[in-house]
Structures are given as structure tokens and as C-alpha cells.
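Welcome! Please take a moment with the sequence and the 3D view below, and then let us walk through them together.

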2 protein chains.
Amino acid sequence: MMKTDTQLKLIEIATPLFATKGFSSVSVREVTDSAQTNVSAISYHFNGKEGLYQAVLEEQFTPIMQALQVAKNNNSLSPIERLTFYADQIAYIHAQRPFLARFISSEVTNPTGYGGPVIEKHLSQVYQFLRSTLQEGIDNGDVQPDLNIAYAAISLAGILNFYFITKPLIQKFTPLTEDANAQYTTHAFHIYLHGIINKA
Amino acid sequence: MMKTDTQLKLIEIATPLFATKGFSSVSVREVTDSAQTNVSAISYHFNGKEGLYQAVLEEQFTPIMQALQVAKNNNSLSPIERLTFYADQIAYIHAQRPFLARFISSEVTNPTGYGGPVIEKHLSQVYQFLRSTLQEGIDNGDVQPDLNIAYAAISLAGILNFYFITKPLIQKFTPLTEDANAQYTTHAFHIYLHGIINKA
DNA sequence: GTCTATATTGCGATAGAC
DNA sequence: GTCTATCGCAATATAGAC
């Protein structure tokens with residue numbers, strides 16, 4: 001299904017509004033005023049406010065699914081290399097979609113009912129990917145054998161994603177340069193990796 | 001200012017509602033119906049919906065301020081010991097206030113205007129505490145000297161807090177035992193510590 | 001497809017009886 | 001201090017002209 005100019009415009013305007021204010025705090029008038037159209041456009045094109053929100057969410061999540069697909073199919077990489085690839089992808093995706101972290105965080109803490117299932121499905125896949133990659137690392141001796149892979153998977157997701165979730169706040173009390181995203185990710189992953197590798 | 005039974009009851013009922021649905025998705029009727037009183041009670045006791053929300057937030061944040069005060073005053077501890085103390089406190093506080101993580105996450109992603117400043121003030125203090133403690137660790141040789149303390153501080157906050165923010169979601173695709181909170185915190189902090197200590 | 005005008009609902013706040 | 005009834009407003013959705 002091809003999207004019209006009006007549909008694209010509405011999604012573009014609605015994305016930062018939903019991300020920063022939350023679904024229920026955004027009025028459809030707010031969106032249509034900025035998009036220089038009228039309220040009925042949302043009902044006509046998206047079957048109401050919830051439909052617009054769903055369209056925004058789906059558009060936000062496409063790069064995550066793609067990156068995960070690539071990481072899984074990349075069988076030539078070692079477990080550690082695959083985790084490194086994941087870390088790099090995180091920085092790249094958040095640079096590409098600066099509002100993604102807010103949508104995830106928002107849907108995790110205050111699920112909307114339509115967004116909840118979408119987030120759940122995707123994050124569950126990320127979790128399983130990290131778990132199984134860590135297990136492979138233990139099996140081939142690169143990773144400490146006494147590691148709890150469930151907790152270690154959450155730790156990695158946390159050390160990488162928390163920064164992007166809290167970035168709007170962090171910026172208020174510490175300066176962040178333009179390339180801070182990649183720098184943080186590299187540094188944080190470095191700490192994590194030194195914490196889990198097997199010292200031979 | 002001493003709180004009456006009705007005030008305490010309203011705060012108790014409102015806390016999980018605000019935490020799980022978000023400020024704007026909770027109606028005052030919803031709260032007063034569950035609290036077995038009437039709408040006007042909120043205006044009478046808290047000067048409106050926003051006043052009730054502020055009272056809820058303040059009640060949630062008291063243990064963080066207290067823990068930080070104790071950690072700062074504990075000058076007998078080494079930097080590493082003080083970070084360990086902080087990690088233990090995180091698990092304890094979240095066990096004491098199971099909704100705190102949701103309020104923080106919610107206010108960081110979708111600030112309400114009254115909650116925003118409160119969160120900002122407190123989290124800024126936590127950040128400065130972690131930063132300066134890490135710097136002390138570098139100075140006394142316990143911590144790797146090439147560590148970026150700003151990124152390392154965020155990494156620690158992330159590895160510890162992300163779990164509690166996403167816990168409602170994590171529980172949906174992996175089983176968590178009753179003592180998982182403390183277990184996760186110990187394990188995650190262990191990974192982090194091995195990632196930053198100076199191998200002499 | 002796009003607009004205006006309106007229907008309808010639900011919200012927070014409050015006046016006033018008790 | 002607590003209640004009922006109601007006011008006034010802003011929300012989404014939609015009917016119907018163009």
C-alpha cells in the first residue's frame with residue numbers, strides 16, 4: 001500500500017509530537033494544524049488518531065527489524081564480533097531515528113494497547129538474539145562460563161540503550177558533542193566486553 | 001504538614017494508576033471511584049489533579065534522596081565500596097517502591113512540567129555522585145585511568161536501572177524469580193566492575 | 001480528497017447543600 | 001470534610017458541501 005503525500009506529511013508531523021508528549025497528550029488538531037490540513041484528514045487516511053499512531057510506530061520500527069535480520073544471517077562472524085555489530089547498529093539506528101528511544105520507553109512504561117504488542121514482539125527478538133549469542137560465546141570459550149546469560153543480555157541492552165532513552169535529560173546537565181552517540185556506544189560496549197570476556 | 005487518611009488513601013490509589021497509564025491518561029473520577037470518595041476531594045485536598053500528581057511524585061522520591069545523602073556522608077568507604085553501596089541501594093529502593101522506575105522513565109521521556117524539574121534535580125545529583133566517585137577511583141589507582149568518567153557514569157546508571165524500567169516487559173518473555181532484583185543487580189554490577197577496574 | 005460545521009462524549013473544576 | 005449536581009471546555013469523530 002503506497003502512501004500519499006498527505007499521509008507522509010501527517011506521519012512526519014505526528015512523530016515528534018507523539019514521541020515528546022505521549023499519545024494521549026497530543027490532540028489531532030495539533031497535528032493537522034501543523035500539517036496545514038484539517039481534522040477530518042486523520043480519520044479519512046488513518047481511520048482515526050489510533051491509526052495514525054500505529055502508522056508512526058510501524059515506520060519507527062522498520063530499521064530495528066532490518067538490523068536484526070542482518071545480524072542473524074551474518075553467520076561468518078564470531079559471537080563477540082556479532083555483539084560488536086549489534087552495538088554499532090544501536091548507535092546507527094538511534095542516529096537515524098532520534099525519536100525511537102522515546103517511543104520504546106514510552107510504550108514499555110505506559111503501553112497503549114496497540115503499540116504494546118509491537119514493542120513486545122521486537123524486543124523479545126532482540127533479547128533472544130543477545131542470549132543465544134552470549135551462549136555461543138561461552139561455548140567457544142570467549143566468554144566467562146559462569147555468566148548468567150539472561151542477566152548479561154539485559155545488562156548489554158541496558159548499558160547501550162539507557163543512554164539514548166535519557167539523552168534529553170543528560171544534555172541538561174552535561175555537554176554532549178555531536179559525535180557523542182558513537183563515542184558513548186564504543187566506550188560503554190568496551191566496558192561491558194571487558195566485564196564478560198574470558199581472561200585466558 | 002500532616003496528611004489525613006483521605007489524602008493518604010488518594011495517594012495510595014493514584015500511584016499505580018499514574019505509574020502504569022501516565023498522568024494524562026488517568027481521570028480524577030477513576031481515582032476517586034477506587035478510593036471510594038468523590039471528585040471534589042482531589043480539589044479540596046490537593047488543589048486539583050496536578051497537585052495530587054506532585055504529592056505522589058514527592059512520596060516516590062524521598063528514598064532516593066535519603067540513600068544519596070547516606071552514600072555521600074559515608075567517607076570511610078573506598079570509591080569502589082561506595083559504588084557497590086550505590087548498586088545495593090538501587091535494588092533496595094526499587095523493591096521498596098515498585099513504581100518508581102515507571103515514574104522516572106515516564107518523566108524523562110514525556111516530562112509533565114511539574115515532575116520534570118523534580119526528576120532533573122535528583123538525577124543530576126546521582127550523576128554527579130557517580131562521576132566524582134569514579135574520578136576518585138582513578139586517582140587512587142583502583143579504576144582504569146583511560147576511562148571517560150561521564151560515559152562510565154551513564155553506563156553504570158544504565159546497566160543498573162534499565163532492568164527495572166523494562167521489568168514489566170522482560171517478565172513477559174522470560175521467567176523472573178522473586179529474588180531476581182538483587183540477583184540481577186549483583187550480576188550486572190559484577191560485569192561492570194570487571195570492566196572498569198585497573199588490572200594491577 | 002479536502003474542507004466546514006456540528007454531534008457527542010468525557011474531562012477537570014466548582015457551587016452549594018449537608 | 002464530604003457529597004451531588006452542574007458548568008464550561010476540549011477532545012475525537014463524522015455528516016455533508018464542494
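Keep in mind that the model is a predicted one.

- The buried residues of α6(B) are Leu100(B), Ala101(B), Arg102(B), Phe103(B), Ile104(B), Ser105(B), Ser106(B), Glu107(B), Val108(B) and Thr109(B).
- Each of them counts as buried because its relative accessible area is under 20%.
- Helix α4 of chain B (residues 49–73) crosses α6(B) at roughly 115 degrees, and the two axes come within 10 Å.
- This crossing of α4(B) with α6(B) is left-handed.
- On the α4(B) side the contact is formed by Tyr53(B), Val56(B), Leu57(B), Gln60(B), Phe61(B) and Ile64(B), and on the α6(B) side by Leu100(B), Phe103(B), Ile104(B) and Glu107(B).
- A helix has 3.6 residues a turn, so residues three or four places apart point the same way.

- Helix α5 (residues 79–96) and helix α7 (residues 115–139) of chain B pack at an angle of about 150 degrees, and their axes lie 8 Å apart.
- That angle makes α5(B) roughly antiparallel to α7(B), because angles over 145 degrees count as roughly antiparallel.
- The crossing of α5(B) and α7(B) is left-handed.
- From α5(B), the residues Pro79(B), Arg82(B), Leu83(B) and Tyr86(B) take part, and they meet Val126(B), Phe129(B), Leu130(B), Thr133(B), Leu134(B), Glu136(B) and Gly137(B) of α7(B).
- The contact of α5(B) with α7(B) is made up of 7 nonpolar, 2 polar and 2 charged residues.

**Chain A as a whole**

- Chain A contains 9 helices and 0 strands.
- Its C-alpha atoms fill a box of roughly 65 × 40 × 25 Å along the principal axes.
- Of the 200 residues in chain A, 53% are buried.
- Among the contacts in chain A with a separation of 6 or more, 67% link residues 24 or more positions apart.

**A helix pair in chain A**

- Helix α7 (residues 115–139) and helix α8 (residues 149–173) of chain A pack at an angle of about 120 degrees, with axes 9 Å apart.
- At that angle, α7(A) is oblique to α8(A).
- The crossing of α7(A) and α8(A) is right-handed.
- Tyr127(A), Leu130(A), Arg131(A), Leu134(A), Gln135(A) and Ile138(A) of α7(A) meet Ile149(A), Ala150(A), Ala152(A), Ala153(A), Ile154(A), Leu156(A) and Ala157(A) of α8(A).
- The residues in this contact of α7(A) with α8(A) comprise 11 nonpolar, 1 polar and 1 charged.

- Thr15(A) sits in helix α1 of chain A, residues 5–21, and counts as buried at 7% relative accessibility.
- The side chain of Thr15(A) reaches the backbone oxygen of Ile11(A) at 2.6 Å.
- Setting aside residues up to four places away in sequence, Thr15(A) touches Val56(A), Gln60(A), Phe99(A) and Phe103(A).
- Ile64(A) belongs to helix α4 of chain A, residues 49–73, and is buried, with a relative accessible area of 13%.
- Neighbours within four places in sequence aside, Ile64(A) is in contact with Ile93(A), Leu100(A) and Ile104(A).
- Ile64(A) and Val126(A) are 62 residues apart along the chain, while their C-alpha atoms are separated by 9.0 Å.
- Ile191(A) is part of helix α9 of chain A, residues 180–196, and counts as buried at 2% relative accessibility.
- Not counting residues up to four places away in sequence, Ile191(A) touches Leu147(B), Ala152(B), Ser155(B), Tyr192(B), Gly195(B) and Ile196(B).
- Between Ile191(A) and Ser34(A) there are 44 Å from C-alpha to C-alpha, and the two are 157 residues apart in sequence.

Note on methods:
Residues are numbered from 1 along each chain as its sequence is written. Chains are lettered from A and ligands numbered from 1 in the order in which they are written. This is a predicted model: local features need pLDDT of at least 70, side-chain atom pairs count only at pLDDT 80 or more; totals for chains, interfaces and linings use all residues. Side-chain values use heavy atoms; hydrogens and water are left out. Helices (H or I, at least four residues) and strands (E, at least two) are DSSP runs, numbered from the N terminus. Buried means under 20% relative accessible area, exposed over 50%, partly exposed in between (1.4 Å probe, protein chains only). A polar contact is a pair of N or O atoms within 3.5 Å; within protein, one must be able to donate a hydrogen and the other to accept it, and residues adjacent in sequence count only if both atoms are side-chain atoms. Contact means heavy atoms within 4.5 Å. Axes are lines fitted to C-alpha atoms, for helices over the stretch in contact, and angles run from 0 to 180 degrees between N-to-C directions. Angles under 35 degrees count as roughly parallel, over 145 as roughly antiparallel, 65 to 115 as roughly perpendicular and the rest as oblique. A crossing is left-handed if the near helix is turned anticlockwise from the far one by less than a right angle, and right-handed if clockwise. Ala, Val, Leu, Ile, Met, Phe, Trp, Tyr, Cys and Pro count as nonpolar, Asp, Glu, Lys and Arg as charged, and the others, Gly among them, as polar.
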